[in-house]
Amino acid sequence: MTYSIDYDAVENMVMAGITGKADLAEIREFAVNIIRTAKRENCFRILTDLSKVELNVTVMQTFNLPQDIVEFAAAEGLEIHAFKRAFVASENQDVLDFYETVARNRSHHVRLFHDIEEAKTWLKG
C-alpha cells in the first residue's frame, strides 16, 4: 500500500490517493494524515481517490470507521462537520457504498463518486 496526500492550491482542496492493498490500520493511518494535512493547510474540502485500492476491511470495521474519523478530527481540535469529503471509487467497491451510508447517517458531509471531475464539482459547490 502506498498513499499520497497533498494540498492543491489551484483547486483549493486536499487531494489524497491510495493504491494497493489496505487493511483497517492502514486506512486509519491514511485518515489521520489527511486530517492533519487539512488542519495544516486550513482546507477542509477533501478529495480522496480510492479507485486503485483493494480494501481488506470487514463490514463491522466499516461501520465503526465514521466514529473513528470523528475522534481523529477531535484529537486535532477539529469538528467533523467542518469537512466536506468526496470519495472516488471504482464500481466494484461495495464496502464504500456502505461506508457512505453510515457516515451520512451520522451527519458527515460526505459523498461517493465514480468520476473525479464530478467529485471536484460537488466539493466546490
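This is a predicted model: local features need pLDDT of at least 70, side-chain atom pairs count only at pLDDT 80 or more; totals for chains, interfaces and linings use all residues.
**Entry 1: a salt bridge to start**

I began with E76, which forms a salt bridge with K39, their closest N and O atoms lying 3.8 Å apart. E76 is in the loop between α2 and β4 while K39 is in helix α1, so the pair ties together parts that are 37 residues apart in sequence.

Residues are numbered from 1 along each chain as its sequence is written, and side-chain values use heavy atoms, with hydrogens and water left out.

The scale calls a residue buried under 20% relative accessible area, exposed over 50%, and partly exposed in between, with a 1.4 Å probe and protein chains only.

How many salt bridges does a search of the whole structure find? I wrote down 8.

E41 and R40 meet through their side chains in one of them, at 3.5 Å from N to O. E41 is partly exposed at 32%, whereas R40 is exposed at 59%.

I then turned to E117 and K120, whose salt bridge spans 3.7 Å, N to O. Both residues lie in helix α4, 3 residues apart, about one turn of the helix. E117 is partly exposed at 46%, but K120 counts as buried at 12%. Salt bridges with shared partners join E11, E117, K120 and K124 into one network.

**Entry 2: the sheet**

I traced 5 strands in an open sheet with mixed pairing, in the order β1-β2-β3-β4-β5. β1 (2-8) and β5 (110-113) are at the edges with a single partner strand each, so one side of each has no neighbour in the sheet. From one strand to the next, the twist averages 15 degrees.

My reminder on terms: helices (H or I, at least four residues) and strands (E, at least two) are DSSP runs, numbered from the N terminus. Two strands pair if DSSP finds at least two bridges between them.

β2 (residues 13-23) pairs with β3 (residues 45-56) in the parallel sense over 9 bridges. Which residue in β3 is the bridge partner of M15? I found L47 there.

Helix α4 (residues 116-124) lies across β2, β3, β4 (84-88) and β5, and runs at about 175 degrees to β4. Contact means heavy atoms within 4.5 Å. Axes are lines fitted to C-alpha atoms, for helices over the stretch in contact, and angles run from 0 to 180 degrees between N-to-C directions.

**Entry 3: rings**

I counted 4 aromatic pairs. Rings of Phe, Tyr and Trp (its six-membered ring) pair if their centres lie within 6.5 Å; planes under 30 degrees apart are stacked, over 60 edge-to-face, and the rest tilted.

F44 and F83 have ring centres 5.2 Å apart and planes at 85 degrees, so this pair is edge-to-face. F44 is in the loop between α1 (24-41) and β3, and F83 in the loop between α2 (59-75) and β4, 39 residues apart. F83 is buried at 2%.

Last, I looked at charges over rings. The charged end of K84 sits over the ring of W122, 4.7 Å from its centre, and that of R106 sits over the ring of F63, 4.5 Å from its centre. The rule asks for NZ of Lys or CZ of Arg within 6 Å of the ring centre and within 35 degrees of the ring normal.

Terms used. A salt bridge is a side-chain nitrogen of Lys or Arg within 4 Å of a carboxyl oxygen of Asp or Glu.
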